[in-house]
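I opened my notebook to look up a few things in this structure. Here is what I wrote down, entry by entry.

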Amino acid sequence: MLCQHCKQQEAIMQLFITENGNTREVYLCQSCAKKTQEVSFVFHPAIVPEFLQALFGFNSTAKDQPTETACPKCGLSFSQITQVGKLGCSTCYETFETQLEPLLRRVHGGGQNVGKIPARRGATLIKRMEQRKLKETLQALIQQEAFEEAAVVRDQIRKIEQSAGGEKSDS
Amino acid sequence: MIRKELLLQHSAWMSETDSPVVISSRVRLARNLEDFPFPHGLSQEGAAQVEKTVAQVLTDTEGENKELSYIPLTELNSIEQQVLIEKHLISPSLGGSTGARGVALAPDHRYAVMVNEEDHLRVQVLLPGNQLLESHRLATELDDLLEAKLDFAYRESQGYLTACPTNVGTGLRASVMVHLPGLVITKQVQQVLGAVTRLGLAVRGLYGEGSQAFGHIFQVSNQITLGKSEEDILTHLDAVTRQIVEHELQARELLRQQTPIHLEDKVWRARGTLQNARLLSSEDAIHLLSHDRLGTDMGLLPKTKDCFATLIVDTRPGCLQYILDRELDPSQRDEERARLIRERIA
């Protein structure tokens, strides 16, 4: 589909624009999308990679770097990733953590993972999360001066610490 | 189960439910193997190796009552691939790509696990009506079984790692397919769905063609996958879905009160055409079936033999040709579509 604004480039983005209570949809190319100030939009799932290129394009710090790091596992550089709109492998997330951070913030609104933890691979992590949660509960109980309940929670924390060897980080 | 029988199987999500607005609920989990590059970076051999590893584990879940059958897409012709797309069991991009890739299907299609799509695995559960939580429970059940045998790419801070950063975190995309003729006819759909898009949710059409109101059917899904728990994502989508349902039912009531004769005329005309037409294009059929469904939902028309979702899917070009077991040009399809609907709507 052609961009409905310039009618020359291929549209890569679907925008929902709300004016006077009415919402209309517009399909735009990357450069016209850059010009628009509209923020009320959704992704068109089929064009997400292209959309990502546009997102990277808005803030392309990678292009300014004279020498680029390559991912040790898949060999891709960050500019190659921005061209495809996809990461090469799981190690890319570690290699390009700094560059990805603003993009992830823009797409997901910031925040760390709070979802499911894989039971087998994340066993230590699950224990640590449990420990963290209990520590928060302990603090709250102490503030409420509920010392008897706090003692129970403290014992639970100790038990976990003894079995897991404390706050070890998960690799 | 032989392949044709499996593909022609009535998909669980197409069953009739007592939900007048929500046709189906879908949950999809994106997962990748730690030791391989993401699918777009795989060599032919690498893709074949991922396929072999994953297909082996998927079919091993038989003892857990999952009974998944793995179908390599390289073994399917273009009509068979189209059938899977029209039944929402694979994505158009999986069908359109090349190399080692496939889908594992449960006998009733409630599970459809895509292999080597954008991610190594896309675990999908698709159920009829509003069953987001049950869909997620089933998806997690299978995910747990897979996770016991496969090392999925995962980081503490970023969760499940995916090829596209829009899926990272939970890897969860939950969606509902809703039928909104009342909101479309009363011209409120843009307003309601516009509000939905401002709540972090995306809206698209039945087969993802832009947001075209094909048969007044829309899909609403979450966009954010990182920084929110699965429970939060599902609860939010569920709450918004309930709001959409309420607005749709109000719009239908408005039509009944304000223009009852126009409403009756619209649904009876649809029924009359569906029962008598000798030629029906795909678009005509879906539009008329939508009005017919509105009529049966509102108690204005007697129920049809086959339900709405089944008729819509079975009259799509791929399914129609596969059911009739022969290739048809577009005009032959219009004729056969009209015949199939006449038989099944009686």
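Before starting, I noted what a nonpolar core is: a set of buried Ala, Val, Leu, Ile, Met, Phe, Trp, Tyr and Cys residues joined through C-beta atoms within 7 Å. I also reminded myself that this is a predicted model.

**Entry 1: the cores.** I looked up the largest nonpolar core and found 113 residues in it. Those with the most contacts inside this core are A:Cys92, B:Val103, B:Leu105, B:Ala112, B:Val113 and B:Val178. Helix H8 of chain B, residues 230-258, gives the core its largest share, six residues. Another core lies apart from this one; it has six residues, including A:Tyr27 and A:Cys32.

Entry 2: What is B:Val113 in contact with, leaving aside its neighbours within four places in sequence? I listed B:Leu58, B:Leu68, B:Val103, B:Ala104, B:Leu121, B:Arg122, B:Val123 and B:Gln124.

**Entry 3: two helices of chain B.** Next I looked at H5(B), residues 132-147, beside H8(B). Their axes come within 10 Å and cross at roughly 155°. Angles over 145 degrees count as roughly antiparallel, so H5(B) and H8(B) are roughly antiparallel to each other. The crossing is right-handed. Where they meet, I found B:Leu132, B:Leu133 and B:His136 on the H5(B) side, with B:Glu230, B:Leu234, B:Leu237 and B:Asp238 on the H8(B) side.

**Entry 4: an annotated stretch of chain A.** An unreviewed UniProt entry carries the annotation "domain: UVR" for residues 128-163 of chain A. I checked this stretch in the model: the chain there is 92% helix and 0% strand, and the end C-alpha atoms are 11 Å apart.

How values were computed. Residues numbered from 1 in each chain as written. Chains lettered and ligands numbered in written order. Predicted model: local features only at pLDDT ≥ 70, side-chain atom pairs only at ≥ 80, totals over all residues. Buried ≥ 20, exposed ≤ 12 C-beta atoms within 10 Å, placed from the backbone. Helix = DSSP H or I, 4+ residues; strand = E, 2+ residues; numbered from the N terminus. Contact = placed C-beta atoms within 7 Å. UniProt positions renumbered as here; feature names shortened; annotations may be inferred. Axes fitted to C-alpha atoms, helices over the stretch in contact; angles between N-to-C directions. Parallel < 35°, antiparallel > 145°, perpendicular 65-115°, else oblique. Left-handed = near helix turned anticlockwise from the far one by under 90°.
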